[in-house]
Amino acid sequence: METLGGPGAALAIALENLFPPIPSEVILPLAGFTASQGELGLVSVILWTIAGSVVGALTLYGLGAALGLRRLRAIADRLPLVDSRDVDATDRWFQRHGTKAVFFGRMLPIFRSLISIPAGIERMSLPVFLGLTTAGSAIWNTVLVLAGYYLGERWHVVEEYTGILQLVVIAGIVLAVAWFLWSRTGRRGRERRQRSEAPATD
């Protein structure tokens with residue numbers, strides 16, 4: 001960021017969208033701290049990081065659009081414990097709640113990157129997607145940049161608090177996956193028992 005200025009901050013955030021292990025919880029407060037040292041303008045760094053978020057989200061949206069619902073169904077049918085009905089159920093959910101998911105997803109670790117892919121698969125209206133992504137990113141980025149700006153050399157404290165949110169999200173994902181596996185294996189087990197107990201027909 002010191003070398004490239006605002007575009008460097010934008011590039012870092014765009015890469016964070018594509019590779020979630022690179023945390024915006026570190027990049028954004030650090031950008032704010034850099035602005036507090038006079039290396040970058042505060043408003044400039046906020047606008048550049050929002051632009052980086054939108055570019056990264058658009059890239060993943062394009063990947064989702066290229067994949068498409070038909071290919072996703074075909075992939076699901078080849079996976080264990082998953083089939084095309086799960087894809088259809090997720091698609092119906094996204095049709096009902098997609099706008100809220102894209103907006104609020106921009107403010108949640110992990111989902112911040114992943115939410116763009118189903119939006120692309122569903123071919124959400126591009127102006128709507130851009131508007132929701134920009135609005136959600138503006139809130140998240142501004143809060144973390146300002147935190148780094150006002151905390152100064154203690155900018156890293158932000159990560160400690162956002163890390164709690166990330167752990168909550170990860171725990172929720174683990175529980176959801178565990179519930180899915182339990183319900184799916186249990187259902188298939190019941191179906192096998194019912195077939196084995198059904199009276200034989202001539």
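## Two nonpolar cores

A nonpolar core is a set of buried Ala, Val, Leu, Ile, Met, Phe, Trp, Tyr and Cys residues joined through side-chain atoms within 4.5 Å; buried means under 20% relative accessible area, exposed over 50%, and partly exposed in between, with a 1.4 Å probe and protein chains only. In this predicted model, local features need pLDDT of at least 70 and side-chain atom pairs count only at pLDDT 80 or more, while totals for chains, interfaces and linings use all residues. Residues are numbered from 1 along each chain as its sequence is written, and side-chain values use heavy atoms, leaving out hydrogens and water.

The largest nonpolar core holds 15 residues, and Leu28, Val45, Ile46, Trp140 and Val145 have the most contacts inside it. Helices H1 (6-18), H2, H3 (42-78) and H7 (126-151) each supply at least two residues of this core. A second, separate core has ten residues, among them Phe94, Ala101, Ile115 and Leu132.

## The overall fold

The protein chain has eight helices and zero strands, where helices (H or I, at least four residues) and strands (E, at least two) are DSSP runs numbered from the N terminus. Of its 202 residues, 37% count as buried. Among contacts with a separation of 6 or more, 76% are between residues 24 or more positions apart.

The accessible surface of the protein chain is about 11600 Å², with 66% belonging to carbon and sulfur atoms. Accessible areas come from the Shrake-Rupley method with a 1.4 Å probe; for residues, only the protein chains shown count as cover.

## A closer look at helix H2

Helix H2 covers residues 24-36, and its 13 residues reach 18 Å from first C-alpha to last, close to the expected 18 Å at 1.5 Å a residue. That expected span is 1.5 Å times one less than the number of residues.

Ten of the 13 residues of H2 are buried, so this helix is largely enclosed by the rest of the structure. Leu28, Gly32 and Phe33 are among those buried residues. Just after H2, Gly38 takes a positive phi of about 85°.

## Aromatic pairs

Rings of Phe, Tyr and Trp (its six-membered ring) pair if their centres lie within 6.5 Å; planes under 30 degrees apart count as stacked, over 60 as edge-to-face and the rest as tilted. The count comes to three aromatic pairs. Phe103 and Phe104 are edge-to-face, because their ring centres are 4.9 Å apart and their planes stand at 75°.

Tyr149 and Tyr150 also form an edge-to-face pair, with centres 5.2 Å apart and planes at 85°. Tyr149 is partly exposed at 28% relative accessibility, whereas Tyr150 is exposed, at 63% relative accessible area.

How values were computed:
Contact means heavy atoms within 4.5 Å.
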